[in-house]
Amino acid sequence: MRSLLIRIFASFWSIIVITIIAAAAIGFWYAERTREIMQNFEDSDAVLEASAALSEDGRDGLADWLRSLPGAAESLVFVVDDNGKDLLGRQLPSPVRFSMARASGRDRGRRPPKPDTRNIRPARPFTQLVGPDDRVYTIFVLPARSITTRWLVDRGRGGLVILALLVSAMVSYWLARTISRPVRRFRESANAIAGGNLDTRVAESVGKRRDEIGLLAQDFDRMADELQRAWLQQTELTRNVSHELRSPLARLRVALELARRKTGDLVELDKIDAETERLDELIGRILEYSRLDSDSHEVRSSIALDELLRSVVEDVRYEYGYQGAKASIELEADTECTIDGYPNALRSCVENVIRNAVQHSRDDGDVHVQLSLEDSQAVISVEDQGGGVREHELERIFEPFYRSTARQGEASRQTGGLGLAIASRATALNGGTIAASNAANGLCVEIRLPVAD
Amino acid sequence: MTDSKILIIDDDRELGEMLKEFLAPDHLELSARLSGEDGLQALQEESWDLLILDIMLPGMSGIDVLKEIRKSSDIPIIMLTARGDDVDRILGLEFGADDYLSKPFNPRELLARIKAIMRRSRPEEKHGTAIAVGSLELDVRSRRVNAGGESIRLTGTEFELLRCLAESPGKVVPKEQLTQQVLGRRHLPYDRSIDTHVSNVRGKLSSAGVDNPSIRSQRGVGYLLLVDE
């Protein structure tokens, strides 16, 4: 069906029409059959015989007559006395009972009883006979009942309700499925895209539908195409910007060396050199940060965290030993633990947190790095002796270029204010969380990562 | 002493000119080509002692140029990469570059690396001329490696690395020492150059069917050449 509108409209419309027609048809058929049977009964001499039997032998005669009726193939005859009992002591069908109850109510001047909850239509009495004892016998003739008619009639309109429920349930289920299934696909795809998998498309899984959902799938895919293109452009732009910024820097450094040769070593030239290097490092970090954004070109693999920590700590020790920093790094990583993730991103994350700690430690302060396992999570905590930050800044230090008021100065210039932001993104990319808290003498950064099964 | 001829393939004309001026006093004659295609042509027409290759080139990329050169030549190559771009750097070394420098580099650093590579590629005669380890034979003078009569092609850096390990088979050679001897510079943190070169040599040995000797790593320390007698 071409349009979802038509599909929904037609489904509801058809449920209602089918129910109405079915109800009318069954009602009509039943009424017609009742009328026909009563006519047949009237055409036979049965009533005369009954009347005769009653006047001759009273109640027992009538009962005998009733018993002598041919085994009802198409009709059932009930004779009910004014106590509301069948002469043969049979259980009365509910329409008959209801009819009797209503009649007796009327006799006593009461309002007819309310139809019971099952909404049963009272049976119409065929005729009434008055016996010699002045008692009134009411004769009912009902169509013989197949299982379905009994089921339908005994339940009155309830049967129809059930039928309607069944039909509508089937149609509604079909309708709901045709809508909910593609919606589920949309959700999966939207989540996949949000999770960084920009290759996800829906049109294929939704199929060749030409209704609104099919169109939506096409639009969704167009949106995903656009997103992907924008993302690629962004990446390309970052790459180009960094290249364009670096080319003049490269020339600057060569020019600087040439100048040094001509003028001899000047302190100013050293400063220019140092600043050039800083600028370059900053560009590198911006590039790194923007790369960690959503997609990593890295392959996921299993990473032994204890080994990673040992190697990063060794590198940072080496780097800062070489720069003459006095802070020492203690490492406690005896727990063996492996996670699934992106090795370079994770390495960069840990490295940035540890460097940050070393840079902010006071000269004699130690940096304490610890690896532990807590409820299937690997926890890497890095604690420095740098005095920490104010409570309200604990979350903000993970923002790019955020400068803590307590930590301003030389150190934050060195990181370019991106170290913790890079760590935060890299952690998120690896499915973990990062948080900072103030410890006894400094800041404690905790990285939590889900451990591989 | 004749000047050594160095080719730089980089689209930054000004940089090339300044580098030429910078390198001239050290008897290094630099010529520049601005694109990969021109560079490849220059390499075919003349002989060069060393190539400096930028990875970000317009048109044919530096990596493609590198692959093309390595099909036929073992000329020492220094790649220029963007800092922080580990992928490019590692790719460069994997495809047979001898060393890399991240741009913007300190020109003195470039000079030092050029000198280190040049010194190494000059034949040395003070050591013995041949080293035999397991099924390998290293001819130090001609810088050739033979395994069972078959010659294995290694770049200068790879040969030097294998030689360093082969000089003391069975003994762990620390990464610091390897970096110093093979690349002529001090080992820096975060530097995985030696590891990449080792994996290249391993790959070439194993594709030549050499399983004795084999290069083993000693985690966090260095590498050793293991020989089964």
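Helix α10(A) is largely enclosed by the rest of the structure, because 15 of its 18 residues are buried (a residue is buried if 20 or more other C-beta atoms lie within 10 Å of its own, exposed if 12 or fewer, and partly exposed in between, with C-beta atoms placed from the backbone). The model is a predicted one, where local features need pLDDT of at least 70, side-chain atom pairs count only at pLDDT 80 or more, and totals for chains, interfaces and linings use all residues. Residues are numbered from 1 along each chain as its sequence is written, while chains are lettered from A and ligands numbered from 1 in the order in which they are written.

Helix α10 of chain A covers residues 343-360 and runs 26 Å from its first C-alpha to its last, close to the 26 Å expected at 1.5 Å a residue (the expected span is 1.5 Å times one less than the number of residues). Chain A as a whole has 12 helices and 10 strands; helices (H or I, at least four residues) and strands (E, at least two) are DSSP runs, numbered from the N terminus. Of the 453 residues in chain A, 26% count as buried. Among contacts in chain A with a separation of 6 or more, 67% join residues 24 or more positions apart, a contact being a pair of residues whose C-beta atoms, placed from the backbone, lie within 7 Å.

Two other helices of chain A pair up: the axes of α7 (residues 212-263) and α8 (residues 267-291) come within 10 Å and cross at roughly 165°. That makes α7(A) roughly antiparallel to α8(A) (angles under 35 degrees count as roughly parallel, over 145 as roughly antiparallel, 65 to 115 as roughly perpendicular and the rest as oblique). Here axes are lines fitted to C-alpha atoms, for helices over the stretch in contact, and angles run from 0 to 180 degrees between N-to-C directions. The residues of this contact split into 10 nonpolar, 4 polar and 5 charged (Ala, Val, Leu, Ile, Met, Phe, Trp, Tyr, Cys and Pro count as nonpolar, Asp, Glu, Lys and Arg as charged, and the others, Gly among them, as polar). Among those taking part are Leu245(A) and Leu249(A) from α7(A), along with Leu279(A) and Ile283(A) from α8(A).

Elsewhere in chain A, Asp57(A) sits in helix α2 (residues 46-68). Asp57(A) is partly exposed, with 15 other C-beta atoms within 10 Å.

As for how the chains meet, 22 residues of chain B are in contact with 24 residues of chain A. On the chain B side, α1 (13-23), α4 (86-94) and α5 (107-121) each supply at least two residues, and α1(B) gives the most, with 6. That side of chain B divides into 12 nonpolar, 3 polar and 7 charged residues.

Most residues other than glycine have a negative phi, and most peptide bonds are trans. Asp375(A), not a glycine, has a positive phi of about 45°; it is in the loop between β7 (367-374) and β8 (377-383) of chain A and counts as exposed, with 7 C-beta neighbours inside 10 Å. His27(B) also has a positive phi, near 60°, and is found in the loop between α1 and β2 (28-33) of chain B. The peptide bond from Lys103(B) to Pro104(B) is cis, with omega near 0°, and Pro104(B) lies in the loop between β5 (99-103) and α5 of chain B.

Key: Two residues are in contact if their C-beta atoms, placed from the backbone, lie within 7 Å.
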